[in-house]
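Hi everyone, thanks for making time this morning. Let me bring the model up on the screen, and then we can walk through a couple of residues together.

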Amino acid sequence: MPAYSALVSGGAVRPPRATCLLLASFAAGSGLWLLVGSQKEEQPDVASPRTQRSARSAAQLAKWIRWQAVLASEAAAHTASPGKGSLALWGDSITESWRGTSYGTPAGRANGTPAVLAQTLARRWPSPAVLAISGDQTQHLLWRLGDGGELPPPLASDGALTAVVMIGTNNLGAGHLPGPTAEGVLAVAREYLRRSRGRLLLCALLPRGHTAARDTAARNLDAGAASNLGSTSAGRRRGRAAPAPLPAALRPQRCAVPLLHARGGEGQPAAA
């Protein structure tokens with residue numbers, strides 16, 4: 001089985017079922033990259049783990065690999081509360097803020113956010129699964145739902161699972177146009193619905209706010225995704241997706257958390 005490993009000071013880490021071989025190592029102060037395998041340009045609607053193309057450094061890539069392995073383990077161990085169902089939140093740093101972390105490390109900008117989660121959503125769905133990684137783009141979440149192991153069979157087969165997904169702002173920050181980014185958002189929605197028996201709430205992007213052009217791009221992306229979601233398979237027949245219009249209640253709605261994430265991951269405004 002192909003593996004995806006990071007050689008870091010603590011040893012090799014192997015998240016499940018990776019689709020390429022990538023060795024990333026770094027010496028203190030050297031910033032040395034050792035790469036083996038495909039390094040093609042990442043596309044928003046094609047599943048890909050984080051690679052040299054989307055990581056700012058070998059150190060960041062190593063953090064991503066470690067944290068993604070933790071999320072996959074948490075997803076595999078997640079159980080629903082009897083009679084209350086399950087809640088899973090997938091996304092980038094905006095969603096990871098619910099944990100108060102960035103790449104699993106406490107983040108000062110998210111102080112107090114876990115308490116808000118405990119006082120709100122966790123009252124309805126005890127122990128919600130927050131499966132998010134700072135800086136992730138649509139192609140990364142697409143990979144995480146599949147080869148990354150964050151939607152394992154027990155979770156996917158839970159008909160009472162409610163999934164909340166917010167992804168795509170970092171694609172715009174990386175230079176992807178609204179059209180391809182919207183296709184990436186739709187690919188994530190379709191992959192979840194194909195694999196899972198649960199429900200999906202797909203959030204539109206928050207206003208980026210760093211420049212008028214970026215905020216306009218986010219709004220254009222939202223409009224493009226909303227206009228195409230009606231063709232997404234949402235019907236169910238014997239646990240499999242069947243062609244049907246997506247109910248209006250599941251179409252993108254702008255989430256009311258505009259102050260949750262004022263700046264991007266690792267002090268960079270463009271990355272969520």
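Let's begin with a question: where is the place of T138? T138 sits in helix α5, which covers residues 138-145. Keep in mind that this is a predicted model.

Is T138 buried or exposed? It is buried, with a relative accessible area of 0%. If we set aside the neighbours within four places in sequence, T138 is in contact with P44, I167, G168, N171, T181, G184, V185 and V188.

Now please turn to E42, found in the loop between β3 (23-24) and α1 (58-77). Here is a detail I'd like you to look at: E42 is buried, yet it has no salt bridge. The nearest side chain of opposite charge belongs to R50, and that is 6.6 Å away; a salt bridge would need a side-chain nitrogen of Lys or Arg within 4 Å of a carboxyl oxygen.

So which side chain does E42 join in a polar contact? That would be Q139, at 2.8 Å. Again leaving out neighbours within four places in sequence, the contacts of E42 include S48, P49, R50, H140 and H176, as well as Q139.

Finally, let's zoom out to the protein chain. Its secondary structure comes to nine helices and 12 strands. Of its 272 residues, 51% are buried. Taking contacts between residues at least 6 apart in sequence, 70% join residues at least 24 apart. The chain exposes about 12200 Å², with carbon and sulfur atoms supplying 57% of that.

That's my tour, and I'm happy to go back to any view you'd like.

Methods. Residues numbered from 1 in each chain as written. Predicted model: local features only at pLDDT ≥ 70, side-chain atom pairs only at ≥ 80, totals over all residues. Heavy atoms only, no water. Helix = DSSP H or I, 4+ residues; strand = E, 2+ residues; numbered from the N terminus. Buried < 20%, exposed > 50% of the residue type's maximum accessible area, 1.4 Å probe, protein only. Contact = heavy atoms within 4.5 Å. Lys, Arg positive; Asp, Glu negative; His and termini not counted. Polar contact = N/O pair within 3.5 Å; in protein donor to acceptor, adjacent residues only side chain to side chain. Areas by Shrake-Rupley, 256 points an atom, 1.4 Å probe, with all protein chains shown as cover.
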